[in-house]
Amino acid sequence: PGQAAMYAGLQELGVANGEDLKETLTNCTEPLKAIEQFQTENGVLLPSLQSALPFLDLHGTPRLEFHQSVFDELREKLLERVSAIALEGKVEERYKKLEDLLEKSFSLVKMPSIQPVVMCVMKHLPKVPEKKLKLVMADKDLYKACAVEVKRQIWQDNQALFGDEVSPLLKQYILEKENILFSSDISVSHNFFSPSPKTRRQGEVVQKLTQMIGKNVKLYDMVLQFLRTLFLRTRNVHYCTLRAELLMSLHDLEISEICTVDPCHKFTWCLDACIREKFVDNKRARELQGFLDGVKKGQEQVLGDLSMILCDPFAINTLALSTIRHLQDLVGQDTLPRESPDLLLLLRMLSLGQGAWDMIDSQVFKEPKMEAELITKFLPMLMSFVVDDHTFNVDQKLPSEEKGPIPYPSTIPEAFTKFLQENRIACEIGLYYILHITKQRNKNAFLRLLPALVETFSDLAFSDIFLHLLTGNLTLLGDEFALEEFCTSLFDGFFLTACSRKENVHRHVLRLLLHLHHKVAPAKLESLQKTLEPTKQSGEAVKELYNQLTEKLELRKPSPAEVTETPSMELPLPAVPTPASR
């Protein structure tokens, strides 16, 4: 079969091949003469060459080597010529030349030495004849060998085949996102949201998809359809990120053929700049509002796409951070939330983003209704927490009189807990407020609001993105972990309430302990180690993290001899594993 492939298609062109030589030699009386005749008929027909060939023989250069080098040289020249034809003369003429060339050479497409030329001709044709495309598609090896320009022409009429190509990339993308959320590096300064949009767009999957789509609107639409379908099926918000990244990657390359037909382009471009700054400034807020207000009657379907762009966690993160900043400013200005148009716009966009799944699922394209109580009750309540902190800090600085220091408010309004349970937008903003106070190392406020996180809307407080950010921010309160009371509130009062029913929470707690175990009160650490032991049902990731933690704790245990010599256990002494720990 290998031999057959080498000569594939030569017979159809009337060119003699190995099989012909074999037949000639089988049926002749004088083999040497027959070989000479075959060489003359099929050699390079240049009169000046006939006298030169014996000269090569004297140097011991085999004819095969000579013919091979001539062939390689000619093939290179031909490839260069094909690329040149694709750029010269009138459009119809150049493509006519290439089509004629394809017609003549296509029968040799399976011949490894000629294949590159045939593929090169097809690559430069904007429309390869249907019949040829079908032949390429039907042959696995040919399909694999052809350029992406040719594959695009095959894909645009074969959604299933295109889906098979795209599917592994989408799986890889989701996996990469999840790996970042569960990364063993826990830090405030470098987290899931740290990379800039431009850096993210350089990722392998986005780049590959961008290349597969090229300038082909039909393929772009297919990818968007895949993303919508997967988002509906899984509710996984990372598909929304990819939707925005893909559009902006095509924007970076100035692919106007696609950008001009995607109605979300300008909105996404403006939002992208906000995400880069992690803040929505007034000028951009006006622009974004203009796009939302400009959705015309009969075009409401664009809201489905805009909501998906706003559902991207990077967009939500930017909107939520901006909301918290606005609320703090309003406290300083003695202004109520309902009097701030900028704040209302942020809430409108958060609401549209959070409603993406419902909108695409129901196919009812209208902006979700904002609950008045969110603006008149919940946000003022958050502002009152900010005021509590200010008051407490001022009180601490005043000279204490006989009545003694004023304690930090420890109760939370029941309405706050209720909002977090029943209102998605309130819950999102509440969680970001808790991240904010943790980042400020405000232990009092953190412990006060923590009980409200046990039951939240759709378990948002146990979602990977929130826990990833919370564990990062908690590293700033590292010293508090030595206190039994703090650990009990954080672990028993929050994390452990969900550990057994939610594997991801189990993983995040183990990540946190791997990072902070040396700060945790020893008695508490011991009980946590028992509680967090994986069950038979636990996944590999949990077992792996638990084993890492156990190893770290074993290394910290001093041997009995060391304890008597050095009562201070803080010294970094080399650990000697006890037989039991093996």
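Is Ser458 buried or exposed in this structure? Ser458 counts as exposed, because its relative accessibility is 55%, where buried means under 20% relative accessible area, exposed over 50% and partly exposed in between (1.4 Å probe, protein chains only). The structure is a predicted model, in which local features need pLDDT of at least 70 and side-chain atom pairs count only at pLDDT 80 or more, while totals for chains, interfaces and linings use all residues. Residues are numbered from 1 along each chain as its sequence is written, and side-chain values use heavy atoms, with hydrogens and water left out.

Ser458 is placed in the loop between α26 and α27; helices (H or I, at least four residues) are DSSP runs numbered from the N terminus, as are strands (E, at least two). The phi of Ser458 is near 55 degrees, a positive value in a residue other than glycine. A positive phi of about 55 degrees is also found for Glu254, which is not a glycine. Glu254 belongs to the loop between α15 and α16 (256-259) and, at 68% relative accessibility, counts as exposed.

Two helix pairs were examined. The axes of α13 (residues 204-213) and α15 (residues 238-252) come within 10 Å and cross at roughly 60 degrees; axes are lines fitted to C-alpha atoms, for helices over the stretch in contact, and angles run from 0 to 180 degrees between N-to-C directions. The two helices are therefore oblique to each other, given that angles under 35 degrees count as roughly parallel, over 145 as roughly antiparallel, 65 to 115 as roughly perpendicular and the rest as oblique. The crossing of α13 and α15 is right-handed, that is, the near helix is turned clockwise from the far one by less than a right angle, anticlockwise being left-handed. Contact (heavy atoms within 4.5 Å) joins Val206, Gln207, Leu209, Thr210 and Ile213 of α13 to Leu242, Glu245, Leu246, Ser249 and Leu250 of α15. This contact comprises 6 nonpolar, 3 polar and 1 charged residues, with Ala, Val, Leu, Ile, Met, Phe, Trp, Tyr, Cys and Pro taken as nonpolar, Asp, Glu, Lys and Arg as charged, and the others, Gly among them, as polar.

For α19 (residues 302-311) and α21 (residues 341-354), the axes come within 7 Å and cross at roughly 100 degrees. This angle makes α19 roughly perpendicular to α21. Leu303, Ser307, Leu310 and Cys311 of α19 make the contact with Met349, Leu352 and Gly353 of α21. By class, these residues are 5 nonpolar, 2 polar and no charged.

A salt bridge is a side-chain nitrogen of Lys or Arg within 4 Å of a carboxyl oxygen of Asp or Glu, and the count by this rule is 26. Asp157 and Lys218 form one of them, with the closest N and O atoms 3.1 Å apart. Asp157 lies in the loop between α10 (148-155) and α11 (159-181) and Lys218 in α14 (residues 217-234), so the pair ties together parts 61 residues apart in sequence. Both partners are partly exposed, Asp157 at 48% and Lys218 at 42%.

Asp459 and Arg501 also form a salt bridge, at 2.9 Å from N to O. Arg228, Arg243, Asp262 and Asp305 are linked in a network of salt bridges.
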